[in-house]
Amino acid sequence: MGDATAPSLVYSERAVPFALLAAADLLKVSVEAKPDAKLNKDAAPELVFPGSTTLTGAPTILRYLARASHEQAGVVAPLPPLFGRDALEAAQVDAWIDRAGALVPGLGLEPLAEAVSAYLAPRTFLVGRALTLADVAVWGALEATLQWDKLRKANAKLVHLGRWFDHVGATPALRAVSEALGPRRRFSTPKNGELGAAAGGGATGSFDIGLQGAEMGRVVTRFPPEPSGYLHIGHAKAALLNQHIADLYRGRMLVRFDDTNPSKERDEYTQSIIADMGRLGLRYERITYTSDYFEELAECARRMIASGALYADDTPVELMREERMAGTPSARRDRPAAETAAIFAEMLAGSAEGARHCLRVRLDMSAPNKALRDPVVYRCNAQPHWRTGERYKCYPTYDFACPFVDALEGVTHALRTSEYKDREAQFYRILELQQAVWPGLPQVVIWDYARLAFIFTVLSKRKLTWFVEHGLVDGWDDPRMPTVQGIMRRGLKIEALREFILGQGASKNMTYQEWDKIWTINKKLIDPVCPRHTAVDASDRVPVVLTNGPATLETVTVPRHAKHPPAGTKTQQRTARIWWDLADAQSVAEGEEVTLMGWGNAIVRHIVRDERDAIVELRAELHLEGDFKKTKLKLTWLADTPDLVPLELHHFGYLITKKRLEEDDVFEDCVNRNSRTVAAALGDCNMARLDKGDVVQLERRGYYIVDATPATGADRVVLFNIPDGRTKNMPAM
């Protein structure tokens, strides 16, 4: 904002244009903010350019900022950033920008807010699947008035608008403007005043980390996944943390696939990771691959060989491991540079002689930190690379490639989990040797944070691959897997995942998390909106004859969610013969009055038992004038009709039986080989219209996500149970 050529944003001190200030930050367009105490609060904001040109009004200025960002980025694309993915979404964004101007204090605010809330019920963002200027414009209008605070507390119909407002408002650029200029103070004040509220605290977790050498606007982070498996929840934390830190310092994030091991990596994994980054809503500058730099890495290795920093070693793997543990130098450590250079050429050519060798870096074989004991930096692998084919025969290790490519790409801060703390010295030593032979290679600062760990959960790719290869799960997207696709398939909303991860902050203290918290967050998102349906056990059910019930089938239209009209309506069928779950039948006594949920009261007159004393039928009498407040039991039921929908209900347990695996545990002995239970049920007639991915609540049973339907090839509707955060002991253990 100190650019002398930047236009000035002039506005009334009493009417802060939150959307414009946040958009300028998001879009990285330089604007000089000039609040004017003399201006009337109703005065429209103006963007004044050097010379005489002026743009007036928030909608016009927002559209200018988007186009200015597009031009200065030099991107040739049909649409500016934050304006949607296509022409249709751009038109919708335009409409919302105009509509936001109507959200002003007064009697008209509440009905307009209710309409927007209803629209947002099934949505995360106003347009499409990512933040756009539509969200920024509407958020800015609500942020400017305290009347919104009062309305959201008093009006239950605004629950979805409130959810959206909090979610969008947590975006660092928006939150920073709100904390600096807004009438609210949602989070505690951080120590670093320059960062402002973006550093978090309170519900968001603290990100006031004092990043060494960080300069506002110049921080570059990177997310470096290896394409050797699907993205799991630990990777999601790394990705979101890198993005959050970049946003915090108004910098940028890169994504680079660490593809240096052809034995493990596949294009399938790469594509799944890219798709998951989209699901997480990650914003990054570009995607690169370590394989993009294989030529530069090989040249760097040649120069380091010439400088005496690397040597070729054909010591057998087991002996090399023993020597490193003992601190014994290899017999090849003093090999002449010319000899090593010749062998490296053989390695690159993939010859038999080259395949016997690896390259090691001369560091310190006597160092207490074993990571410094001459680690391997190049090794041969004849297997074709998923991206470069058979062009290369040997590849750099991560330890060699990472510092070099980080520096080459301009990464200023490499964020790594604290489990790699003992490898920091190795990173800096190798980078120093690379800088000595590659002039101009900049410095990279490592900052470590606590990895994400959960009880009864493994996040090791090797162990997760084991589950897949041994058929104990259906694949990487199995709902028992801690992958992003697995937990989403089980019903976790991405918004809940983001809120949970950012709520951890940037702590360095690693703790084992319970799954309850993340599922509790998820329940808060799905409960207010998901439709209600009814099911009974397919086998353990008992007929109930209502002696004064309807003589013929009756149908009644009722809400799918009593407190959420946008969920629509459903048909309730009523007959003189209905079904109860056996457990409910066993819980009642003759003469007891119960409530049939959604219908009214009934009095149990007779319980019919067979010769084994098992209940085979109940006879009851409708008592619709009865008071449901006075009954102890509120029971679910279904009419006995041929329209009932066959269901398959899946409940899942943990994949391992031990809260925390120790190094000396035999992994295979801790595997839960009975982690899924399946039950057959019958659902109400409306469930025939469910689609894959729909989330519902089966009354008195819990929350479920539809995984398959006859339309997708299944012979019944398959539902996966969604934990609600209250269940301490997972089923199927």
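A charge is said to sit over a ring if NZ of Lys or CZ of Arg is within 6 Å of the ring centre and within 35 degrees of the ring normal. The legends below describe a predicted model, in which local features need pLDDT of at least 70, side-chain atom pairs count only at pLDDT 80 or more, and totals for chains, interfaces and linings use all residues. Residues are numbered from 1 along each chain as its sequence is written, and side-chain values use heavy atoms, with hydrogens and water left out.

**View 1. Charges over rings at Trp579 and Tyr119.** The charged end of Arg541 sits 4.0 Å from the centre of the Trp579 ring, over that ring. Arg123 lies over the face of Tyr119, 3.9 Å from the ring centre.

**View 2. The aromatic pair of Phe294 and Tyr392.** Rings of Phe, Tyr and Trp (its six-membered ring) pair if their centres lie within 6.5 Å; planes under 30 degrees apart count as stacked, over 60 as edge-to-face and the rest as tilted. The whole structure holds 24 aromatic pairs. In one of them, the ring centres of Phe294 and Tyr392 are 5.1 Å apart and the planes stand at 80 degrees, so the pair is edge-to-face. Phe294 belongs to helix 11 (residues 294-307) and Tyr392 to the loop between strand 10 (376-380) and strand 11 (394-396), so the pair ties together parts 98 residues apart in sequence. Helices (H or I, at least four residues) and strands (E, at least two) are DSSP runs, numbered from the N terminus. Both Phe294 and Tyr392 are buried; buried means under 20% relative accessible area, exposed over 50%, and partly exposed in between (1.4 Å probe, protein chains only).

**View 3. The aromatic pair of Phe427 and Tyr428.** The ring centres are 5.8 Å apart and the planes lie at 90 degrees, so this pair is also edge-to-face. Phe427 is buried, with a relative accessible area of 2%, whereas Tyr428 is partly exposed at 27%.

**View 4. Helix 17 (residues 461-469) and its buried residues.** Lys461, Lys463, Leu464, Thr465, Trp466 and Phe467 are buried in this helix. Just after helix 17, Gly471 takes a positive phi of about 70 degrees.

**View 5. Positive phi at Phe456 and Asp613.** Phe456 is not a glycine, yet has a positive phi of about 55 degrees. Phe456 is found in the loop between strand 14 (453-454) and helix 17, and is buried, with a relative accessible area of 16%. Asp613, likewise not a glycine, has a positive phi of about 70 degrees. Asp613 is found in the loop between strand 23 (600-609) and strand 24 (615-623).
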